[in-house]
Amino acid sequence: MDAGWDDDFDAPMAGPSFVDRARGAEDDDDLHIPNPRPAFLAQDIAEETPFQQLIRHWMNERHSPDILPGQEMLLGRLLDHIRKQSNDVELLRADPDSSEEEHFRIMLVQTEVERVKFVIRSYVRTRLHKIEKYAKFISASEEMHERLSKAELDHARRYSRLVEYHFDHSVLQSLPEQQRSLEEDVAFMPPMTPSPDKTRPVFAHALQDCPPVRLPDGTMSEMQKGQISLIPYHVIEQLLLRGEVELV
């Protein structure tokens with residue numbers, strides 16, 4: 001599973017929108033599709049379109065070692081929009097009076113719909129990978145429960161039980177009783193229950209002037225709007241959760 005997910009994880013981010021190029025076309029307002037923002041553009045998050053918000057949450061999730069709060073409402077709005085656009089496209093395609101120009105616009109809309117669907121699938125797969133990797137840790141952490149949807153939490157619990165059952169019947173039951181626990185941590189060995197490595201460095205881009213944060217060496221640092229810093233994740237975790245920085 002890891003290899004396939006890594007291939008998707010390294011996929012390039014979608015490029016400039018075709019609709020941008022046709023934005024000045026006559027009677028194009030009814031086919032408006034929100035476009036992703038340019039990389040590293042510092043703008044007011046309140047002015048972001050739903051698709052731009054999804055792009056930001058997608059990149060944050062991909063670059064964060066931890067599981068971030070889910071975006072159920074945002075995904076629901078975008079999926080509703082996709083269904084509406086797909087229905088509109090089918091109606092226009094079935095109309096024998098559609099002109100060649102309208103067919104070209106249909107192609108543009110279909111391209112944009114596929115772009116949105118790609119980002120949604122990648123976002124969901126990224127979260128699924130983390131949920132399965134840290135399933136046992138998630139099941140035991142109340143804080144993690146609040147970040148997951150009900151479906152994600154149910155999957156984490158089921159997956160954790162399945163992995164524990166598999167380990168028990170394939171390996172652990174053959175070991176001495178004192179070595180059968182999955183809870184014990186041995187010095188200089190990876191933990192039996194993996195958890196997110198919050199000491200991992202990440203690239204953080206400040207969306208606004210941020211309050212001071214304490215670095216691992218004890219010094220204080222302030223990120224100015226537009227600044228990009230390589231910094232341990234745990235240092236800027238709260239800034240990320242508050243939307244003051246984004247990961248790039």
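# A guided reading of the predicted model

The axes of helix H5 (residues 100–133) and helix H8 (residues 150–170) come within 9 Å of each other and cross at roughly 40°. The structure in which they do so is a predicted model. The crossing of H5 with H8 is right-handed. On the side of H5, the residues that take part are Arg127, Leu128, Ile131 and Glu132, and they meet Glu152, His155, Ala156 and Tyr159 of H8.

Nine helices and five strands are present. Their order along the sequence is α-α-α-α-α-α-α-α-β-β-β-β-α-β. The protein has 248 residues, of which 38% count as buried. Its accessible surface comes to about 14,800 Å², and carbon and sulfur atoms account for 55% of that area. The contacts may also be considered by separation along the sequence: among those between residues at least 6 apart, 64% join residues at least 24 apart.

The strands come next. Which strands form the open sheet, and in what order? Three strands form it, in the order S4-S1-S5, with antiparallel pairing. S4 and S5 are the edge strands, each pairing on one side only. On average, neighbouring strands of this sheet are turned by 40° against each other, direction ignored. Helix H3 (residues 50–63) packs on the sheet and touches S1 and S5, its direction making about 65° with that of S5.

The pairings within the sheet can be followed residue by residue. In general terms, strands of a sheet pair through backbone hydrogen bonds, either parallel or antiparallel. Strand S1 (residues 201–206) runs antiparallel to strand S4 (residues 228–232), and five bridges join the two. Pro201 has Pro232 of S4 as its bridge partner, and Phe203 is partnered in S4 by Leu230. S1 also pairs with strand S5 (residues 245–247), in the antiparallel sense and over three bridges. Here the bridge partner of His205 is Glu246 in S5.

Two individual residues complete the tour. Leu215 lies in the loop between strand S2 (213–214) and strand S3 (220–221). Is Leu215 buried, partly exposed or exposed? Leu215 counts as partly exposed because its relative accessible area is 24%, whereas buried means under 20% and exposed over 50%. Not counting residues up to four places away in sequence, Leu215 touches Ser221, Ile231 and Val235. Leu215 and Val235 are 20 residues apart in sequence, and their C-alpha atoms are 6.5 Å apart in space.

The second residue, Glu237, has its place in helix H9 (residues 233–241). Glu237 has a relative accessibility of 8% and therefore counts as buried. Which residues are in contact with Glu237, leaving aside its neighbours within four places in sequence? They are Asp66, Arg147 and Lys198.

Conventions: Residues numbered from 1 in each chain as written. Predicted model: local features only at pLDDT ≥ 70, side-chain atom pairs only at ≥ 80, totals over all residues. Heavy atoms only, no water. Pairing = 2+ DSSP bridges. Helix = DSSP H or I, 4+ residues; strand = E, 2+ residues; numbered from the N terminus. Buried < 20%, exposed > 50% of the residue type's maximum accessible area, 1.4 Å probe, protein only. Contact = heavy atoms within 4.5 Å. Areas by Shrake-Rupley, 256 points an atom, 1.4 Å probe, with all protein chains shown as cover. Axes fitted to C-alpha atoms, helices over the stretch in contact; angles between N-to-C directions. Left-handed = near helix turned anticlockwise from the far one by under 90°.
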